[in-house]
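Please walk me through this structure, taking its salt bridges and the packing of a helix pair in turn.

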Amino acid sequence: MSSSDATGQRVRRRRLLGVIQADGDGYNLVQEGDGMSLEPAAASEGGARGESPTASVNEERAAIGPRELLADREGPIGEAPVHGAGVFDFRYGPFAGGFPEAGVFHLSTYGERILSCRIDSSYKHRGIEASMAGCLPDEGLRWAEAVCGNFAFAHSLAYCRAVEGALGIEVTGTDRRLRLIGLEMERIYNHLLVIARLAQAAAQKVLDAHLSALFEEALRLNRLFAGSRLLAGVNRIGGVSPMIAAGGAWAQRGPADGRAADTRPPDGPRALERLAGGVEVLRTRFERLYETSLSNRNYLDRLHLIGVAGAERALATGLTGPSLRAASDPTDLRNAEELLPGFAPITKAEGDSLARMEVRAEEILQSCDIVRSQIASLLEGGSTGSGAGASDRGLPSPAAGAREGRSEVRAKALQAKALRAAEGGSGIGAAESPSGTIAWWVDLSEGRIRRAYASTPSLFGFRAFAEVIASHIFTDFPFALESFGLSFADAAR
Amino acid sequence: MTRSMRSESSDERRGSDPSKPRGKSPTRRPPIWWPLFGLGRQLTERRHGYARAGSLKAIDSLFRRSLFVYPIDVGNSNALNIELAALRTPQYNVHRFGIFFTDTPRHADLLLVLGRPTPKSSLPLAETIDQLPHPFGILHLYEPFPPATHLDEVELPNLVGTVEGTPSAEEILGFLLATKGGPGGRWSASADSSPREAPESNAERKGERK
């Protein structure tokens, strides 16, 4: 590792995020900096395993990551149980009241102190990757969204990018901006929920109530933007759904939204204006709440020095996202996004729950700013992304009869052409989900999915959590767990 | 006619600026003191989620005033958990209906099963059902996708309803109100509420009075 990251240089380690067995060969899914690649297993091993490396492989090429965990993702995650005087296995789960999802935490303890933790996420295993074999890419998109409901947008975005990479489909600048907006909207509501849960665990009921109200407001803004509170069904292969592009989601809000149905005709720019206004209000309210919470020692002391995952441990366990950025590592897939020219990832140094909470809080503010700036760019009618020139001039006007959506028509045409040509190919797509890197590798042949692999951040998060919870007492369990923002559905697929 | 005109003028008074987000409260002012206005009209009970409530039965007349719910996730994609978390926010304020969430099935009146059971969660689900005190009910919400085939393997006794889809928090509130015993509590006609028609929206109500 370039230990000179004290100077603030970006750490360019190669990180192992997946181990794929295909056609009898092993492949590694590796993240290097802000890009992903798939390479044969031999190229990225060597020094890390103690085997004699080939002449062309040196220490720096070895990809760091939890290799044993990735080789067997369905098995238990974490440390082996500890035995000793009075030590027993405290089985927390699968239907424990404290954590909303089904999963078991096997805690080795003699009473108050947790000596080791082993996590069983198999209760949520639905075999999604295996079920995708033989599907059309459009059908696979529904499977990708079904992996984890609160990361539905990030999963569908990574999957679409993988398929678009495999089939060579270009996405217009407008759709790319809309995708960025959706990604940040997902980040906002997930981070709000995580911080609300931390406040609830610390018995800060007033703060929890305010943050929960903001979380519900964020879900309503999602409905305003996409017609779906959890941003499902937004992405398509080649772009976004035409309804969103035309602002139709705004007009289709029904009375179930809690407000009187508006009778004004659908109007694309107006929907985005309202979204920008709503996000601005949310940002102001959250900023005030966050600054107030920082002066509350009762709350901060519960998070301080809990679950410390420093840079070394974060890299060894494959952590990504806010948990990694709280350990001084500025890795963020949005660094390489050309539609976000001034993007600077938010990092903290301590790597504890407090640092992770601070990173998430500041990312909420950053995401609100990104959403508003992207909406402003869309409303100005210019988009600087790559692609065709005149057709990228912002949103289609309602009068142009854009019900079908140019992007949708183009994507369909491209896909039909690709399928007719019985094209194959494989692609990797990645997206920065609220809790880290989601990477999909999709292998297409004759227009159908032959194989799909998803690298999800929660698997590594649970691995890191199982390590850092050792030597903590039971009371600190929720503060460490919730600060990582994990999901069993995401880990078990 | 009068009501819709009044609401439109109050819209103009507030200056319906599209760039400003809509306020949290309805834009029209009640003609009388708000708590009395609300109690009689039962706005929430009549408004939400009853489009699908026709297929939901009430558990028992015992639960008209209070319902303790134990949610259990047997394999959903976390979307239903998120919507349930959204239901426990101040905007919905479910405590005013006597709806509480418990951490244990032994204190529960309604078991809220979320998702299609995965093979491994069938046995713990059966164990949980054994722990429910009588009378109880089970409400099963499951997502349409991915299609799994484990629905038939688990027998859910006292099933008050199954709902396929990803309902929003407001719709879940409507289901819970239906299982409590109808919209009005003591004002409902009978415990096993006969299916109501879908409630009219505010816009429709305004249109009728025009």
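In this predicted model, the side chains of Arg229(A) and Glu216(A) meet in a salt bridge with an N to O distance of 3.0 Å, the term standing for a side-chain nitrogen of Lys or Arg within 4 Å of a carboxyl oxygen of Asp or Glu. The pair links distant parts of the chain, 13 residues apart, with Glu216(A) in helix 7 of chain A and Arg229(A) in the loop between helix 7 and strand 8 (235-236) of chain A; helices (H or I, at least four residues) and strands (E, at least two) are DSSP runs numbered from the N terminus. Both Arg229(A) and Glu216(A) are buried, where buried means under 20% relative accessible area, exposed over 50% and partly exposed in between, with a 1.4 Å probe and protein chains only.

Arg220(A) forms a salt bridge with Glu170(B), the closest N and O atoms being 4.0 Å apart. Because Arg220(A) lies in helix 7 of chain A and Glu170(B) in helix 6 (residues 169-181) of chain B, this pair joins two chains. Arg220(A) is buried at a relative accessible area of 15%, and Glu170(B), at 5% relative accessibility, counts as buried.

A further salt bridge, between the side chains of Asp73(B) and Lys124(A), has an N to O distance of 2.6 Å. Asp73(B) belongs to strand 1 (residues 67-73) of chain B and Lys124(A) to the loop between strand 7 (114-120) and helix 3 (128-131) of chain A, so this pair joins two chains. Asp73(B) and Lys124(A) are both buried. Over all chains, the count comes to 33 salt bridges.

Turning to the helix pair, helix 6 (residues 173-201) and helix 7 (residues 205-226) of chain A pack at an angle of about 160 degrees, with their axes 8 Å apart; the axes are lines fitted to C-alpha atoms over the stretch in contact, and angles run from 0 to 180 degrees between N-to-C directions. That makes the two helices of chain A roughly antiparallel, a word used for angles over 145 degrees. Among the residues that meet are Leu178(A), Ile181(A) and Met185(A) of helix 6 and Leu207(A), Leu211(A) and Phe215(A) of helix 7, contact meaning heavy atoms within 4.5 Å.

Residues are numbered from 1 along each chain as its sequence is written, and chains are lettered from A and ligands numbered from 1 in the order in which they are written. Local features need pLDDT of at least 70, side-chain atom pairs count only at pLDDT 80 or more, and totals for chains, interfaces and linings use all residues, while side-chain values use heavy atoms, with hydrogens and water left out.

Key
Angles under 35 degrees count as roughly parallel, over 145 as roughly antiparallel, 65 to 115 as roughly perpendicular and the rest as oblique.
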